[in-house]
Amino acid sequence: DGREFTAKVVGRDPKSDIAVVKVDANDLPTISLADSEKVEVGDVVLAIGDPFGVGQTVTSGIVSAKNRGNMGIEDYEDFIQTDAAINPGNSGGALVDVDGRLIGINTAILSRTGGFQGVGLAVPANMVSHVADSLVKNGKVVRGYLGVGIQSITPALAESFNLKSREGALVTEVVPDGPAAKAGLKEDDVIVALNGQPVVTKDKFFLAVSTISPGTKLNLEVLRDGNKKQLTATAGERPGSRRDAQATETFSQQDDEGVLNGVAVDDLDADARQQLNIPARLKGAIVTQVAPDSASAKAGIRRGDVILEIEKQPVTS
């Protein structure tokens, strides 16, 4: 209705590109959230935004795919893909179903020209809800942690391990003294079920664990040497999650133009190695965030880079 307000940042989650802002106002309309797990490929959707600053715009399309991951856009990816036109200015806008319920937040496009080419991506409403609730409650996102490195089961691995199915997550690394290690999980185990639900892919397993509150019991069904075993682990808190909510807050305060100003880093853990396919022998610090206008960005440093040396001195943490 044309009113303008000053908003307060309640919390940010760079790993999912979601933030919560608070506005003190009356009579503001709200949107209801749909269960994004029930969205089907082919469902008609509308994308709302302000493309190129021309003004509020609505475009229509369908759900082209679900559960898009491994895109290299965010750390936690479970995108809804749509062919509803999304352009610069649509990010942060609503993706709604035909009943006007939120099914996702538009966040990115895949394009070779910089403009829309039929592939738009939205963070699903269920992930938005989990992140927003955690930010409001804690000011940060607290994610569950098992302490394992996992990978998908390829046809070659299925044959090597004599597996009848490629469903599941193969354990490639177990963090010493982590929740998985304490539960008795071992390398080369194949996790086939979590709390009674089948593990279809390693990405879905990774996301499922991240949404579980620390301290929660995890019932794991694993295949070990062809035999099924039942293990019980207690979810921990993902290392680094306490810093994530504040990670971007310091960027605007960096006045010095040193090359690494505007860069947030973290230690390499099993999850980061698994996501980015980083060998265990490599030591360093992983770049988790880069301020867009910083000297670091201009020098070519990007999120996901691993800093191995500074001035020929090895970086180990």
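Which residue does Glu-37 form a salt bridge with? That's where I'd like to start today. Keep in mind that what we're looking at is a predicted model. The partner is Lys-204, and the closest N and O atoms of the two are 3.7 Å apart. What I like about this pair is that it links distant parts of the chain. Glu-37 sits in the loop between strand 2 (18-22) and strand 3 (44-49), while Lys-204 is in helix 4, residues 202-210, so to speak 167 residues apart.

Asp-78 counts as buried, because its relative accessibility is 11% and the cut-off is under 20%.

The side chains of Lys-202 and Asp-203 meet in a salt bridge, 3.2 Å from N to O. Lys-202 is buried, at 10% relative accessibility, whereas Asp-203 is partly exposed at 24%. In total, the count comes to seven salt bridges.

Okay, on to the nonpolar side of things. Which residues have the most contacts inside the largest nonpolar core? They are Leu-146, Leu-185, Ile-191, Leu-194, Phe-205 and Leu-220, in a core of 36 residues. Helix 1, residues 125-138, gives the largest share of this core, with five residues. If you click on Leu-194 and skip its neighbours within four places in sequence, you'll find contacts that include Val-199, Phe-205, Ala-208, Val-209 and Leu-220. There's also a second, separate core of 11 residues, and Val-63, Ala-84, Leu-95 and Ile-103 are among them.

Let me say a bit about helix 1 itself. Helix 1 has 14 residues and reaches 20 Å from its first C-alpha to its last, close to the 20 Å expected at 1.5 Å a residue. Its buried residues are Ala-125, Met-127, Val-128, Val-131, Ala-132, Ser-134 and Leu-135. And what covers them? The cover includes strand 1 (8-13), strand 2, strand 7 (102-109), strand 8 (120-124) and helix 4. So helix 4, where Lys-204 sits, turns up here too, as part of the cover on helix 1. Just after helix 1, have a look at Gly-139, which takes a positive phi of about 75 degrees.

Last stop, strand 3. Which residues make up its covered face, and which its uncovered one? Val-45, Ala-47 and Gly-49 are on the covered face, with Val-44, Leu-46 and Ile-48 on the uncovered one. Strand 3 runs antiparallel to strand 4, and six bridges join the two. Strand 3 is also antiparallel to strand 6, residues 94-97, through three bridges. Val-45 is a handy landmark for both pairings: Val-45 stands opposite Gly-61 in strand 4 and opposite Asp-97 in strand 6.

That's my tour; happy to go back to any of it.

Technical notes: Residues numbered from 1 in each chain as written. Predicted model: local features only at pLDDT ≥ 70, side-chain atom pairs only at ≥ 80, totals over all residues. Heavy atoms only, no water. Salt bridge = Lys/Arg side-chain N within 4 Å of Asp/Glu carboxyl O. Helix = DSSP H or I, 4+ residues; strand = E, 2+ residues; numbered from the N terminus. Buried < 20%, exposed > 50% of the residue type's maximum accessible area, 1.4 Å probe, protein only. Core = buried A, V, L, I, M, F, W, Y, C linked by side-chain atoms within 4.5 Å. Contact = heavy atoms within 4.5 Å. Expected span 1.5 Å × (residues − 1). Pairing = 2+ DSSP bridges.
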